[in-house]
Amino acid sequence: ARQTADAILAELPHPGPGLVEVEEIAGEMRPKRVLPRIRELGEGPVALIGHQPTLSRFLGWMIGDRKVRLHFDKGGLALLEVTDWAKGGAELRWLVTHDWLNAEVA
């Protein structure tokens, strides 16, 4: 995840956004442990970079239920509009899969 974050930051205009490592995202990524760390970042956009399947479960929880499965693999992107950093406090705006990103344009 750190390598992915570094690669993304390298492509952004300088000075880019800061990088904050959140150990609570690793492993099981329990929302009650992750949310306080995200709230500490304050207002504005937040990018979460993590591993599957825990990232998909967390995003599912944010849009309403941990049982919701957002299926995307390495290189996938999801945009959530968050109104409240709590269960069900977000709306999925779009989801882009790795396959879609690598599809040949006809």
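**Notes on a predicted model: salt bridges, helices and a pocket**

1. Start with the charged pairs. The count of salt bridges comes to five. Keep in mind that this is a predicted model.

2. Look at helix α1. Asp 6 forms a salt bridge with Arg 2, and their closest N and O atoms are 3.0 Å apart. Why do Asp 6 and Arg 2 sit about one helical turn apart? They are four residues apart in helix α1, so about one helical turn separates them. Asp 6 counts as partly exposed, at 35% relative accessibility. Arg 2 is also partly exposed, with a relative accessible area of 41%.

3. Next, take Glu 40 and Arg 37. These residues form a salt bridge, with 3.3 Å between the closest N and O atoms. Glu 40 counts as exposed, because its relative accessibility is 59% and the exposed class starts over 50%. Arg 37 is partly exposed, with a relative accessible area of 23%.

4. Now go to Glu 91 and Arg 93. Their salt bridge has its closest N and O atoms 2.9 Å apart. Glu 91 is partly exposed, at 45% relative accessibility. Arg 93 is partly exposed too, at 46%.

5. Helix α2 has a buried side. Pro 31, Val 34, Leu 35 and Ile 38 are buried in α2. Why do these residues lie on the same side of α2? They cover an arc of only 100 degrees around the axis, and that puts them on the same side. The buried residues of α2 pack against α3. The face turned away from the buried side carries Lys 32 and Arg 33, which are exposed.

6. Helix α3 holds two residues to check. One is Thr 54, which lies in this helix. Is Thr 54 buried or exposed? Thr 54 counts as buried, because its relative accessibility is 9% and buried means under 20%. Leave out residues up to four places away in sequence, and Thr 54 touches Gly 27, Glu 28 and Met 29.

7. The other is Ser 56, also found in helix α3. Ser 56 is buried, with a relative accessible area of 6%. What does Ser 56 contact, leaving aside its neighbours within four places in sequence? Val 68, Leu 70 and Phe 72 are in contact with Ser 56.

8. Finish with the largest pocket. About 1900 Å³ of space lies in this pocket. It is lined by 50 residues, and those closest to its centre are Val 46, Ala 47, Leu 48, Ile 49 and Gly 50. Which elements give two or more residues to the lining? They are α1 (2-11), α2 (31-39), α3 (54-62) and β1 (77-82).

9. One more point on that lining. By class, the lining of the largest pocket has 30 nonpolar, 12 polar and eight charged residues. Then trace the helices α1, α2 and α3 and the strand β1 around the lining.

Note on methods: Residues numbered from 1 in each chain as written. Predicted model: local features only at pLDDT ≥ 70, side-chain atom pairs only at ≥ 80, totals over all residues. Heavy atoms only, no water. 1 Å grid on protein atoms, 1.4 Å probe; cavity = no way out; pocket = protein on both sides within 12 Å on 5 of 7 lines; lining within 4 Å. Points joined across faces, edges and corners; volume = space filled by probe spheres on them. Nonpolar A, V, L, I, M, F, W, Y, C, P; charged D, E, K, R; others polar. Buried < 20%, exposed > 50% of the residue type's maximum accessible area, 1.4 Å probe, protein only. Contact = heavy atoms within 4.5 Å. Salt bridge = Lys/Arg side-chain N within 4 Å of Asp/Glu carboxyl O. Arc of directions from axis to C-beta.
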